[in-house]
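Okay, thanks everyone, I'll keep this short. I'd like to talk about pockets today, so let me put the structure up.

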Amino acid sequence: MSKLAIGESSLLSADHVRALLEWVQEESSGAVFPFLASMAGTALSPGEAASVRVQDVTLPDGEFGEVLVRAGEGRKVPVSPDVVGVLRRWIDEEGLEAEDLLFPAERGRPLASSEYKRAWRRARQAGLSPDEVQAGLGEQVSSLRDSCLDRWLEAGVPAWGVAEWAGVSASWIALRYPHRFRLEDVEIDWECLEEIPRLPGSPER
């Protein structure tokens, strides 16, 4: 197995993510909660999320939105309606303008990694069982990205689509999440395969 592979047991479930974010929402302040919520729903890396500006997001009420990631070649990533709601409220409450960072710290400065990492550590201690904490479940903030990518695959988004949204290659996705590409989980059309190829002179069946 590739060293890049991540095991199913090390991925945060949807319930884990919900519980951790609920704790962050209640116990943290400033941009930390919307920042982490956006990572959980868009699979942006912490660096990408920290650089997003208000003008980079499209947030239609009650529908899927979109965030433009300008890093690298640039890409567009869907934003689920739940996260759209969080971001719309955040922008309105803070009175953010189009040119502003979406998740600013004081005086409009970029959100410090120490701030959201501290909140994440505390959320893990409060929201996970001692055994889960000891096992390292969700140890890094980037676990939100890993778990989001896995849920996209589970929902049936093709690997190449997940790769495009994540800004990685399809081969990286396959190596990272091998449990989503097990042959025994695929329904094979053997009759169709029998026709590939139909050789000259083969008897008709």
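Let me start with a question: which element gives the largest share of the lining of the second largest pocket? It's H4, with 4 residues. Before I go on, please keep in mind that this is a predicted model.

So, staying with that second largest pocket: its volume is about 170 Å³. If you want to find it on the screen, look for Gln 25, Ser 28, Gly 30, Phe 33 and Pro 34, then Val 86, Arg 89, Trp 90 and Glu 93, which line it.

Now the largest pocket. This one holds about 630 Å³ of space. It has 21 lining residues, and the ones closest to its centre are Ala 40, Gly 41, Ser 80, Asp 82 and Val 83.

Where does that lining come from? Five elements give at least two residues each: helix H1 (14-27), helix H2 (32-42), strand S3 (75-79), helix H4 (81-94) and helix H7 (143-154). And which of them gives the most? Here that's H1, with 6 residues.

The make-up of this lining is 14 nonpolar, 3 polar and 4 charged residues.

Notes. Residues are numbered from 1 along each chain as its sequence is written. This is a predicted model: local features need pLDDT of at least 70, side-chain atom pairs count only at pLDDT 80 or more; totals for chains, interfaces and linings use all residues. Side-chain values use heavy atoms; hydrogens and water are left out. On a 1 Å grid over the protein atoms alone, a cavity is a set of points where a 1.4 Å probe fits but cannot get out, and a pocket is an open set with protein on both sides within 12 Å along at least five of seven lines; lining residues have an atom within 4 Å of a point. Grid points are joined across faces, edges and corners, and a volume is the space filled by probe spheres set on the points. Ala, Val, Leu, Ile, Met, Phe, Trp, Tyr, Cys and Pro count as nonpolar, Asp, Glu, Lys and Arg as charged, and the others, Gly among them, as polar.
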